[in-house]
Amino acid sequence: MESATMDKQHRTRESEKHAGSSELLCRLAHLVLPYLDAAGLVSVSATCKALHVISNSITSRRISDASRSFENHPIPFFNSVDSQLYDNFIYSPVQTLPSESGRVRSDPFMFRVEGAQGCACESCDLDSDICPCVDFDSGLPTRECGPSCSCGLECGNRLTQKGISVKLKVVMDRRKGWSLCADELIPKGKFICEYTGELLTTEEARNRQKLYDKISRSSHFSPALLVVKEHLPSGNVCMRINIDATRIGNIARFINHSCDGGNLCTLIVRSSGALLPRVCFFSSGVILENEELTFSYGESIVNSTGAQCFCNSACCRGILPAEHT
């Protein structure tokens, strides 16, 4: 009899302990659950009604805005192809450095040139030759004011630094996977977005590409490692920028390739006082609402059995471009 009583008391204490743990988890859910991936949310959602409601709320927010409120307009996901509700990644509107914790620095100019001289303008007039930072190539900015300038973010010569101003959406394509599309009519010469992600050394980029190639062989995996090579005026030196948006990046990671060059032009934009240039996309012509946004990944093909291209352009080569990292 005494043993049965002690066993009942033990079960009661365990039940109270479990209830207390569940209550604590529910109180902290709003802080903890946003860090979970899609699979983690599904698992937690099945635990109890309260966590189910919170998980569904987080999932709805992720579907409604891929940028997690970092941009001027929400960028929703749309999928009528399969059951994948959204693509989960850490959104960053600026470049970052590799971090195990996934912590993102908010400085848009990660590397600054100490002692650099920028303009002293309060607000730069793009139609005048007074500001030394103003430089347009074919009507598009190749040089902007930056961290060494006196003007603020409201300056007209900081076009690519004010976030995404056009309405976009991420749409699932049956063959390409996630694709970035216009959610309104976009005029020619409009700034679309910058390509952001983790800035890697060449060695880091090569190591990651080897890992990505290995993963891709055994599963459906789409890395977003962009390598930009720019030949400097001397012709003897090539500047290389490695940006990996696979884990941390912005909406540019969803822009697919087109063998005909696509409807976006890629521009290297420099800012006064910043060491590294930024890779920015502008509309090369009028882009209609619902039209997919694309650009050329390059022309080199190093593997005749590489990833298949589905751009459907008249000059499609059938294989996605790739270079030795």
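Student: Is Lys169 buried or exposed?

Tutor: Buried means under 20% relative accessible area, exposed over 50%, and partly exposed in between (1.4 Å probe, protein chains only). Lys169 counts as buried, because its relative accessibility is 12%. This is a predicted model: local features need pLDDT of at least 70, side-chain atom pairs count only at pLDDT 80 or more, and totals for chains, interfaces and linings use all residues. Residues are numbered from 1 along each chain as its sequence is written, and side-chain values use heavy atoms, with hydrogens and water left out.

Student: Which side chain meets Lys169 in a salt bridge?

Tutor: A salt bridge is a side-chain nitrogen of Lys or Arg within 4 Å of a carboxyl oxygen of Asp or Glu. Here Asp183 meets Lys169 at 3.6 Å, N to O. Asp183 sits in the loop between E6 and strand E7 (191-194), and Lys169 in strand E5, 14 residues apart. Strands (E, at least two residues) and helices (H or I, at least four) are DSSP runs, numbered from the N terminus. Asp183 is partly exposed, at 26% relative accessibility.

Student: How many salt bridges does the structure hold?

Tutor: Nine. One of them joins the side chains of Arg278 and Glu194 at 3.2 Å, N to O. Arg278 lies in strand E14 and Glu194 in strand E7, so the pair ties together parts that are 84 residues apart in sequence. Both Arg278 and Glu194 are buried.

Student: In which sense do E13 and E14 pair?

Tutor: Two strands pair if DSSP finds at least two bridges between them. E13 and E14 are antiparallel, over six bridges. Ile268 has Val279 in E14 as its bridge partner. The two strands form a hairpin with six residues between them, and Gly273 in the turn has a positive phi of about 90°. E13 also joins strand E4 (residues 140-144) by two bridges, running parallel.

Student: Where is Leu275?

Tutor: Leu275 is in the loop between strand E13 (264-271) and strand E14 (278-283). Leu275 is exposed, because its relative accessible area is 52%.

Student: Which residues line the largest cavity?

Tutor: On a 1 Å grid over the protein atoms alone, a cavity is a set of points where a 1.4 Å probe fits but cannot get out; lining residues have an atom within 4 Å of a point. The lining includes Phe111, Leu275, Leu276 and Arg278. The volume of the largest cavity is about 100 Å³, where volume is the space filled by probe spheres set on the points, joined across faces, edges and corners.

Note on methods: 1 Å grid on protein atoms, 1.4 Å probe; cavity = no way out; pocket = protein on both sides within 12 Å on 5 of 7 lines; lining within 4 Å.
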